[in-house]
Amino acid sequence: MKYNNRKKYSIGLFVIILILTVSIFGKNLNDERESLFKNGVSKYSQNKYTEAVEIFHQLENTDFVSFELYYDIGNSYYRIGKLGKAIQYWEKAKIIKPSNDDVDFNLKLANVKLQDRVVLPKPFLIFKYYKSIKQNIDIKKMLNYIGLLFFVTILLFILPKIFDNTSVKKRLLKFLFIPKYLLILIIFFLFLILFDTTNYKNNNDFGIVIENKIKVKTEPKEDADTIFILHEGSKVKILSKFDRKWYKVSYFDDKIGWIEIEKIGEI
Amino acid sequence: MLKKITISLVLFTVIIFAKPTVNVTVDRKNVDLRTPIRLTIQFNDFKDYPKYNLDLGSDFQVVGGPSQSSNFSWVNGKTTSTKKAIYQIVAKRKGNLTIPSLDFKYKGKNYKTNQINIQVSDRMHRNSSSANSKNIRKQRKNNNNSQIFIEPICKKTSVYLGESLVISYRLFTRVSIVNYNIPMVTSISGFMIDKQERVENPKVKMQTINGIEYKTADLFNLVLTPTEIGKLEIPMQKFRIELENAGGGDPFDSFFNFSRNKVINTIAPAKNISVLRLPNDEPKTFTGAVGNFQLSAKLSDSEIESNKAVTLQIIVVGEGNFKNFTFPKPKFHSQLQVFEPKMKENISVKNNKIVGNKTWEFVIIPEEKGHYKIPPIKFTYYDLRKKRYVTLTKSNLVLEVTQNKHLLEERMKNMTREEVELLNKDIRYLHLNEENLESKYYSAIKDFRNYLFFILGIILIFVYIIYSLYMSYILNNPLLIRRQKAFAVAENEINQLPDETVIAFKKISNIFNKYLADKLNLQSGELYLKEITEYYQNKKIDEKLLEKIELTWRNIEEKKFAPNLVSEKELDNIKVQIIDIMKKIEKIK
């Protein structure tokens, strides 16, 4: 009996020590990261943008990233004059936080400065809104909202049934009839949008032209003919990879060609 | 009216003075088994068509006709009437055959025509060699058709691979032509058909062959490119020609509108061509041009602002195979954006040669200011006169590009007001702290924490299902409800006891009774102490509790006979004891 108690105590002690070690070590790591990040910010403030980029890249090379890190890398590149790289990192930041005003503003500003401008015909209003919703959806939040609505809907279905009083039960059933079915409809549509968005994001890889001017070739060969030319900052859809040297890309789903991998910054 | 009187007069004259004759003719005497022969029976000065039986024997059969026609002629005051019956006949076998004479009786008089000999051979092969075409020519000469024939005219019988070859089909005729149809050539083995054209308004010339003077005209041009080396044959071509009626000089023909044109098929013989291989020492810039050419190149502007378009025009003029070569794209400076060239060609056939020009227009957009040299423009062809490859070069083309001052203004034209305003703004400032760190490999879809509400919802459903099942089980077991609710009911009733001791005692004894009965699933009237003790002994409860139950039971039973004697204090004691017992019983599982 005594032996058993001693065993229990020793296991408990081990767990406590482990938790403390991990938390202290973790805290140290976080402190180190925080100070590095602040160092990057400070270099930026001192107009030492190249150094800031280097520090931020050190953070990027760890297993963890953040919206702020990508955003700040984008800003630093913009200051250096590398518009393509800036757009690439702002786009990365937008993936983590799709509806952030700062990153949206910076991207708009950068797009105005692009050499390649394609003015597309205005789509139907409903398609325009839907596209905007898709681009700005935060999948994490969306999942939580749908989950909450799902939970509420279940409650609305169950609630009247747990009342013994039949008159209250009837009143509740009548009162909740439309809201609960409306909620089901809303959840269904939200699920469709979520499915479409995740499907779009999983099946479409994009990249940004990071060189001043690149020639898009007819085939993955250096001496192949040039189909069209793209300038820094243009966004292309990556269709496939060839020989670890070439990307097959499409520009506005219209023009298709091959670009060397190092000339594209993958988002 | 005058016309009617004239006709009546002529008919009357014919009837009174004419002497009827008949003769039979054929359009050809040498035929093959499949070729139809036109057999014409001409009745001269007959008042009407006589009755006759056309017996062709066993060697021929009628395949068409009779088509009948009549005409009148009046020459030098002599009037003749002609009636024709025309049949299409074919021979049934080859050999020297005879069309038998025609015998018939007309107005009591016998008429008989001569026999006609026909030489019938095997079927002729249309896609045969030149030997057959010689036969056809021979046959044509033997026939009356020698008055008209078509020859393929080609200046060369030996060409290089890829060199264009023009075949002109020339008509030789001694009769007047009303119309003609040209053949539609779809493919020729060993050749690529570049062009086939009907000569509009053919020029008629005179040419004497073997002492006979013919009118000649080129009707049809065929432009071919050999694709194989060796001896190739351009097969014979069939032309359909409509001749003017032979009796065209007769004024009655036009007068009575009786004239009919004759349609014949004329076959132009096959032509043999030798195709040679080009020498192997071709330069890299050679793209297949064979002939004799000249090159010119020019820029639409030699000075231009950046991001504006300029055109480089390259023209190849001369004679040769324009259809079969391209222009090698020069290697332009990387700062020059060059689009795929627009190609135009203007070629025609003249004097059995292909002449014209071919133009390539490259649109060039210089992106930056600078001095750009257009690389030498080279064009190589195989010169048929010099019998070697010749490279033409055009160099010294220079493009001066100046800064485009209006570029920003032009770009701003396409911007919205909001975008123009953005041009003067700066990016938003840095974010100073990292709020939420996220794994690089994080996927919201795969993170179970994002499904917590879903999990809660599903748990809620399960809880509800279990609750519903439990409730339905309870509702189907009233004894269980009694047993479970016994304490709550009893406690509630004890708390609501009246102040009067007698009534309160009676009630409290009933409450205790009922509680124990509910617990034992019995009716309160059927309950005895023995049953209670046995029940709880089986449950193996504390002996003290069992004693307490027995004591309390007996105490109540005794006082039932004299409830008036129960004091308030005793009642309170009983109440406390009962509640205590009930609580202890409730703890028993």
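**Contacts between chains A and B in a predicted model**

In this predicted model, 17 residue pairs are in polar contact between chain B and chain A, with both residues at pLDDT 80 or more. Three elements of chain B each supply at least two residues of the side that touches chain A: helix H5 (417-423), strand S31 (438-439) and helix H6 (452-475). H6(B) gives the most to this side, with nine residues. By class, the side of chain B that touches chain A has 21 nonpolar, ten polar and 13 charged residues.

The contact can also be counted by residue. On chain B, 44 residues are in contact with chain A. On chain A, 58 residues take part. The size of an interface is often given as the accessible area lost when the parts come together. Here, chain B and chain A bury about 4,900 Å² between them. Of this area, 61% lies on carbon and sulfur atoms. Ile427(B), Arg428(B) and His431(B) supply 15% of the area that chain B buries against chain A.

Five salt bridges are counted between chain B and chain A. In one salt bridge, the side chains of Arg79(A) and Asp426(B) meet at 2.7 Å, N to O. Over all chains, a search of the whole structure finds 31 salt bridges. The pair of Arg79(A) and Asp426(B) crosses between chains. Arg79(A) lies in helix H3 (residues 67-80) of chain A. Asp426(B) lies in the loop between H5 and S31 of chain B.

Strands also link the chains. Strand S1 (residues 64-65) of chain A pairs with S31(B). The pairing is antiparallel and runs over two bridges. Within it, Val65(A) stands opposite Glu438(B), a residue of S31(B).

Another strand pair lies within chain A. Strand S6 (residues 246-251) and strand S7 (residues 255-260) of chain A pair in the antiparallel sense over six bridges. Tyr247(A) stands opposite Ile259(A) in S7(A). S6(A) and S7(A) form a hairpin, with three residues between them. In the turn, Phe252(A) has a positive phi of about 55°.

In chain B, helix H8 (residues 501-519) was checked for its span. H8(B) has 19 residues, so at 1.5 Å a residue it should span 27 Å. Just after H8(B), Asn521(B) takes a positive phi of about 55°.

Technical notes
Residues numbered from 1 in each chain as written. Chains lettered and ligands numbered in written order. Predicted model: local features only at pLDDT ≥ 70, side-chain atom pairs only at ≥ 80, totals over all residues. Heavy atoms only, no water. Contact = heavy atoms within 4.5 Å. Buried area = accessible area lost by both parts, 1.4 Å probe. Salt bridge = Lys/Arg side-chain N within 4 Å of Asp/Glu carboxyl O. Polar contact = N/O pair within 3.5 Å; in protein donor to acceptor, adjacent residues only side chain to side chain. Helix = DSSP H or I, 4+ residues; strand = E, 2+ residues; numbered from the N terminus. Nonpolar A, V, L, I, M, F, W, Y, C, P; charged D, E, K, R; others polar. Pairing = 2+ DSSP bridges. Expected span 1.5 Å × (residues − 1).
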